[in-house]
Amino acid sequence: MVTIMETELKKGIEEAIAKSKKSLIPILVSEVQKIDHIEPLSFFTVGKENYLGERFFWKDPTDSIYLIGLGVCHQIQSVDNRFNQVEDQWNQLLKEAIIVKDEEQKATGPFMFGGFSFDPLKKKTSLWSKYADSLFHVPKYLLSIVEGKTYLTTNIVCTQYDDSSIFEQTIVERQALVSKASKEYKSHFSMLVEEREVVDPEEWKQTVRDLVRDLKNGELKKVVLARELRLVFQDAVLVEGVLEQLLQEQKESFTFAFESNGDCFIGASPERLVKKEGNQLFSTCLAGSIARGKTEKEDKQLGDQLLNDAKNLREHLYVVEMIKEAMEKVCNEVKLPSRPSLMKMRDIQHLYTPVVGFSKEECSVLQVVDSLHPTPALGGLPQRQAVEKIRKIENLDRGFYAAPIGWLDYEGNGEFAVAIRSALIQGNEASLFAGCGIVQDSDAESEYVETKIKFRPMLSALGGLKK
């Protein structure tokens, strides 16, 4: 059993209420405590009873950080000028915030998690009706496991109308939560796919053929086209079970789940968009892919083929050049290797080039996200024209697919992945998304096969792989 001591939270709440009475604005109180270990999936699962639709889960590829949020203490969303608006709203919330924590505690304290849609100008459909074009949650309770140490952050927004009873309510609620989460996690994987619908496959292939013709006669170098696979299940999909499978099968990925009003966007992405830690920035160039081999010899042959394939190398170079250029605008120094290497996942291998930069003082995480999104790996080149082309010819409403998802703390540190290898879960249905880069010498059938490979991680996690 994990016991949470009544530390400085009461004092912080009293100060915040007094502050709010004077300023007439809500005041955020954030208290952090180091606690005994709680299994991340257990904490996420017990939140289902009281916080369904208000949960998130995040794990980085090295397992060095887990972030699980329950409840929504404060929500940030915007439409126009969305990266700047989100940052402005976040900074406004932090301006008067009262933070109770030790200095050495990392990735805790005031913190928000969320993401952006791929293209806010794309015509909306009912598929993504539960998600705004930018949506971030400040959780009521945040479990942080950082480099093996476990913390619980409690966030409360106090107003002039609150009184001390808010403290007693919070103490009872969070003690019940952590006590229940401390019990052993039970597996939730039990899903039966009844129906699968490949959405307009022949139409998608024809769109690829038409696009190839346009690429040969125009200024566009590359356009990424995505498609959808829809699964229908016998019962409501258990997000906890899908997360469990992703954590077991896609260990080298960013594993994420983000709930909003009953829907859940979930995935295991191999691609970092940007990480900011102090003045260091890290990004990833990931473009060009091929299947894994069934034997070690076949796997090496496929990897060597990818490393020497002109189309994939050209596609990868587009990404490297764009990310390097974007990073140089916000960094004093940028470092990257001269040739790509291989990133091998369970079902697929990619051409991979890591990028490290040392940021200028005025640089923020969301400014970098704005400058990088979408990379040529998910949009195309030139960037603006490629996105306009996608908006015109792609039937899919991408929503949060292929867009930035991640977190930002009150000290300006944060990390965003590109939300690929992902699915949107809606009750007993799930939409899976996959895309590929189309260039002048692309073949529609080959590109279709590539998207089938990219569906595999989520298909497997959802129990939908054909045996």
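Q: In which loop is the place of P382?
A: This is a predicted model. The peptide bond from L381 to P382 is cis, with omega near -15°. The place of P382 is in the loop between β19 and α11 (383-393).

Q: Which peptide bond is cis with omega near -10°?
A: Most peptide bonds are trans. P374 is found in the loop between α10 and β19 (380-381). The cis bond with omega near -10° runs from H373 to P374.

Q: Is A402 buried or exposed?
A: A402 has its place in the loop between α11 and β20. Its phi is near 70°, a positive value in a residue other than glycine. Buried means under 20% relative accessible area. The relative accessible area of A402 is 1%, so A402 is buried.

Q: What is the phi of R421, about?
A: R421 lies in the loop between β21 (414-418) and β22 (422-426). At 8% relative accessibility, R421 counts as buried. Most residues other than glycine have a negative phi. R421 is not a glycine, yet its phi is positive, at about 50°.

Q: Why do the buried residues of α4 line one face of the helix?
A: Helix α4 covers residues 82-95. Its buried residues are R82, F83, V86, E87, W90, L93 and L94. Seen down the axis of α4, these buried residues line one face because they fall within an arc of 135°.

Q: Which exposed residues does the face of α4 turned away from its buried side carry?
A: The buried residues of α4 pack against several elements, among them β1 (27-35), β4 (74-77) and α10 (365-372). Exposed means over 50% relative accessible area. On the face turned away from the buried side, the exposed residues are D88, Q92 and K95.

Q: How many Å does α1 reach from its first C-alpha to its last?
A: Helix α1 spans residues 9-23 and has 15 residues. At 1.5 Å a residue, the expected reach is 21 Å. The reach in the model is close to that value, at 21 Å.

Q: Which residues are exposed on the other side of α1?
A: In α1, L9, G12, I13, A16, I17 and S20 are buried. They cover an arc of only 135° around the axis, which puts them on the same side of α1. What covers them includes β1, β5 (98-100), β9 (149-158) and α5 (165-181). On the other side, the exposed residues are K11 and K22.

Q: Which residue just after α1 takes a positive phi?
A: Helix α1 covers residues 9-23. Just after α1, a positive phi of about 65° is taken by L24.

Q: At what angle do the axes of α9 and α10 cross, roughly?
A: Two packed helices are described by the angle between their axes and the distance between the axes. The axes of α9 (residues 310-330) and α10 come within 10 Å. The crossing of α9 and α10 is right-handed. The axes cross at roughly 145°.

Q: How many nonpolar residues does the contact of α9 with α10 have?
A: From α9, the residues in the contact are M322, I323, A326 and V330, and they meet V368, S371 and L372 in α10. By class, the contact has 1 polar residue and no charged residues. The number of nonpolar residues is 6.

Q: With which residues is E240 in contact, leaving aside its neighbours within four places in sequence?
A: E240 lies in helix α7 (residues 239-249). At 1% relative accessibility, E240 counts as buried. Leaving aside its neighbours within four places in sequence, its contacts are L41, F44, T45, K48, R55, Y185 and H188.

Q: How many Å separate the C-alpha atoms of E244 and C436?
A: E244 lies in helix α7. At 10% relative accessibility, E244 counts as buried. E244 and C436 are 192 residues apart along the chain, and their C-alpha atoms are separated by 27 Å.

Q: How many Å apart in space are L127 and A226, C-alpha to C-alpha?
A: L127 lies in the loop between β6 and β7, and at 13% relative accessibility it counts as buried. Its contacts beyond four places in sequence include E228, R230 and D263. L127 and A226 are 99 residues apart in sequence, and their distance in space, C-alpha to C-alpha, is 15 Å.

Terms used
Residues numbered from 1 in each chain as written. Predicted model: local features only at pLDDT ≥ 70, side-chain atom pairs only at ≥ 80, totals over all residues. Heavy atoms only, no water. Helix = DSSP H or I, 4+ residues; strand = E, 2+ residues; numbered from the N terminus. Expected span 1.5 Å × (residues − 1). Buried < 20%, exposed > 50% of the residue type's maximum accessible area, 1.4 Å probe, protein only. Arc of directions from axis to C-beta. Contact = heavy atoms within 4.5 Å. Axes fitted to C-alpha atoms, helices over the stretch in contact; angles between N-to-C directions. Left-handed = near helix turned anticlockwise from the far one by under 90°. Nonpolar A, V, L, I, M, F, W, Y, C, P; charged D, E, K, R; others polar.
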